[in-house]
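Please look at the sequence and the 3D view before reading on.

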Amino acid sequence: GVVLAVPLYAAVLEGVLPRIEAMWLAPRLQASLAQVAPGLPPERFGIVGHAEPSTLFAIGGGLRLLPGGPAAAEFLAEAPGRVVAVGNRQEAAFQVEAAVRGLALRELATVSGYNYSRGRPITLLLYRTVP
């Protein structure tokens, strides 16, 4: 059993896991962001509800990790031209705070995947304000 486990683990770790697209949310988030906001500097991008190191590497170290939905609305309100990615668990609080602040939101994209460190599915919604 031990001898047969080595090639089985090698096949799974090198062949199967890298091809499971749902596991790798950061590259798809980066691609969506590049499509809807090309050239956006990482400093003008905030994210709430997903703080994987792979996201920092994919987007850039200057992105803002926000503590909750209200902070995401505040981040958008502080300056024009910013984009936030809001996790589905923070969506309601984000929408409430955005309404309180009178922000007109435009949903840019939706990226769904699997948060492997927490063991649950996640959906990120990308927003910016409408001028």
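R101 is partly exposed, because its relative accessibility of 39% lies between the 20% limit for buried and the 50% limit for exposed. The model is a predicted one. R101 forms salt bridges with E74 and with E97, and E97 also belongs to the contact between helices α4 and α5.

**Salt bridges of R101**

- In the pair of R101 and E74, the closest N and O atoms are 4.0 Å apart.
- E74 has a relative accessible area of 36% and counts as partly exposed.
- R101 also pairs with E97, where the closest N and O atoms are 3.0 Å apart.
- E97 is partly exposed as well, at 22% relative accessibility.
- Through shared partners, the salt bridges join E74, E97 and R101 into one network.

**The pair of R82 and E78**

- The count of salt bridges in the model comes to three, and one of them is formed by R82 with E78.
- The closest N and O atoms of R82 and E78 are 2.9 Å apart.
- R82 has a relative accessible area of 13%, and it is therefore buried, as the limit is under 20%.
- E78 has 47% relative accessibility and counts as partly exposed.
- In general, side chains of opposite charge can pair when their charged atoms come close.

**Packing of α4 and α5**

- Two packed helices are described by the angle between their axes and the distance between the axes.
- Helix α4 covers residues 69-78 and helix α5 covers residues 91-100; they pack at an angle of about 40°, and their axes are 7 Å apart.
- The two helices are therefore oblique to each other.
- The crossing of α4 and α5 is right-handed.
- On the α4 side, the contact is made by G69, P70, A72, A73 and L76.
- On the α5 side, the contact is made by A93, F94, E97 and A98.
- Sorted by class, the contact of α4 with α5 has seven nonpolar residues, one polar residue and one charged residue.

Definitions and conventions:
Residues numbered from 1 in each chain as written. Predicted model: local features only at pLDDT ≥ 70, side-chain atom pairs only at ≥ 80, totals over all residues. Heavy atoms only, no water. Axes fitted to C-alpha atoms, helices over the stretch in contact; angles between N-to-C directions. Helix = DSSP H or I, 4+ residues; strand = E, 2+ residues; numbered from the N terminus. Parallel < 35°, antiparallel > 145°, perpendicular 65-115°, else oblique. Left-handed = near helix turned anticlockwise from the far one by under 90°. Contact = heavy atoms within 4.5 Å. Nonpolar A, V, L, I, M, F, W, Y, C, P; charged D, E, K, R; others polar. Salt bridge = Lys/Arg side-chain N within 4 Å of Asp/Glu carboxyl O. Buried < 20%, exposed > 50% of the residue type's maximum accessible area, 1.4 Å probe, protein only.
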